[in-house]
Amino acid sequence: MQLIGLPYSPWSERARFALDVRHVAYTFRSYQPLLGEPRLRLLTGKWRGNVTVPVLRDGKLVLSDSGAIARHADERGEGPRLFPEPVAEVAHFEALAERGLAAGRALSLARMLDDDEALAEMVPRALRKGLGPLAAGIGRAGVRRTFRKYGCDARPLGEHRAEQVSVLDALRAALARSVSKDEPRTLLPAFSYADITMAQTLVFVAPPATGLRLGRASRRAFSDPELRERYTELVAWRDALYARWRSA
Ligand SMILES: N[C@@H](CCC(=O)N[C@@H](CS)C(=O)NCC(=O)O)C(=O)O
């Protein structure tokens with residue numbers, strides 16, 4: 001199996017987390033936005049509209065969504081059951097995480113646009129050196145494109161912020177009413193994909209120390225010190241979840 005993804009992206013990270021926790025073996029290939037797009041279209045057979053990563057290739061099967069990849073891991077591997085019955089409960093958290101990630105992406109890309117060092121980090125290291133100050137300009141064009149690609153400009157940043165806060169509040173409430181006896185507490189009675197995907201909403205508050213590969217400046221742009229302060233116990237929950245379940 002081969003997984004194509006972005007080493008710094010929580011969408012790729014949740015697919016990797018699911019595959020790793022289910023002990024499914026795969027090789028990881030880094031996707032290069034824009035430059036890698038024709039090959040990704042060829043692989044997925046999608047010639048119009050947006051193509052995204054992660055994409056998993058398992059023989060003739062090509063899965064181009066992290067949720068589908070996690071379900072595949074649940075069928076193929078062994079370890080904790082990621083999609084227990086009733087599946088609607090996991091689906092509820094998948095939808096919630098989607099909203100949190102979309103809002104977090106808009107806000108962190110906006111922070112990145114104000115940070116030349118973070119913009120330069122978006123350019124592959126091999127090219128960055130020779131480009132000097134031009135690297136930030138190229139990074140800016142790429143980040144602006146991503147901002148538009150995902151419709152981040154469809155609403156003001158204040159609305160994205162309110163959305164992110166409402167998702168974090170919902171996570172806080174869900175953990176508070178959880179009946180889980182596990183340590184750390186899980187969203188459903190046992191560890192599942194609900195935890196994996198909801199943990200990713202904290203990437204745009206305080207990226208985890210392990211899992212994602214992020215440059216120093218990108219880590220700064222992903223972080224929101226104010227929300228980190230407000231939701232310290234959620235960040236601590238995520239860190240404990242990673243320590244317990246994310247071995248790879
Ligand atoms: N529904 C998809 C969404 C994935 C997604 O948004 N991927 C972004 C991560 S930033 C991506 O591919 N970015 C690279 C690009 O757009 O060129 C999934 O969860 O797999």
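Reply: Happy to. Before the helices, a word on terms: axes are lines fitted to C-alpha atoms, for helices over the stretch in contact, and angles run from 0 to 180 degrees between N-to-C directions. Helices (H or I, at least four residues) and strands (E, at least two) are DSSP runs, numbered from the N terminus. This is a predicted model, where local features need pLDDT of at least 70, side-chain atom pairs count only at pLDDT 80 or more, and totals for chains, interfaces and linings use all residues. Residue numbers start from 1 along each chain as its sequence is written.

Me: Thanks! At what angle do helix 4 and helix 7 pack?

Reply: Helix 4 (residues 87-113) packs against helix 7 (residues 134-149) at about 155°, and their axes are 10 Å apart. That makes helix 4 roughly antiparallel to helix 7. For reference, angles under 35 degrees count as roughly parallel, over 145 as roughly antiparallel, 65 to 115 as roughly perpendicular and the rest as oblique.

Me: And which residues make that contact?

Reply: Helix 4 brings Leu109, Met112 and Leu113, while helix 7 brings Arg140, Val143, Thr146 and Phe147. Two residues are in contact here if their C-beta atoms, placed from the backbone, lie within 7 Å. By class, that contact has five nonpolar, one polar and one charged residues. The classes are simple: Ala, Val, Leu, Ile, Met, Phe, Trp, Tyr, Cys and Pro count as nonpolar, Asp, Glu, Lys and Arg as charged, and the others, Gly among them, as polar.

Me: Helix 4 also crosses helix 8, I think. How do their axes cross?

Reply: The axes of helix 4 and helix 8 (residues 157-176) come within 8 Å and cross at roughly 140°. Helix 4 and helix 8 are therefore oblique to each other.

Me: Left-handed or right-handed?

Reply: Helix 4 passes helix 8 in a left-handed crossing. A crossing is left-handed if the near helix is turned anticlockwise from the far one by less than a right angle, and right-handed if clockwise. Among the residues that meet are Gly100, Ala103, Gly104 and Leu107 in helix 4, with His160, Gln164 and Val167 in helix 8. This contact has eight nonpolar, four polar and three charged residues.

Me: Nice. Changing topic, what is the strand order in the sheet?

Reply: The order is 2-1-3-4, in an open sheet of four strands with mixed pairing. Strands pair if DSSP finds at least two bridges between them. At the edges are strand 2 (27-30) and strand 4 (61-63), each pairing on one side only. On average, neighbouring strands are turned by 20° against each other, direction ignored.

Me: How many bridges link strand 1 and strand 3?

Reply: Three, and strand 1 (residues 2-5) and strand 3 (residues 55-58) pair in the antiparallel sense.

Me: Which residues surround the ligand?

Reply: Leu6, Ser9, Trp11, Pro33, Thr52, Val53, Pro54, Asp65, Ser66, Thr146 and Lys149 do, where a residue counts if its C-beta atom, placed from the backbone, lies within 6 Å of the molecule. By class, the shell has five nonpolar, four polar and two charged residues. Thr146 of helix 7 is also part of the contact with helix 4.

Me: Last one: where are the cis peptide bonds?

Reply: One joins Glu85 and Pro86, with omega about -10°, and Pro86 sits in the loop between helix 3 (66-76) and helix 4. Another joins Glu183 and Pro184, with omega about -5°, and Pro184 lies in the loop between helix 8 and helix 9.
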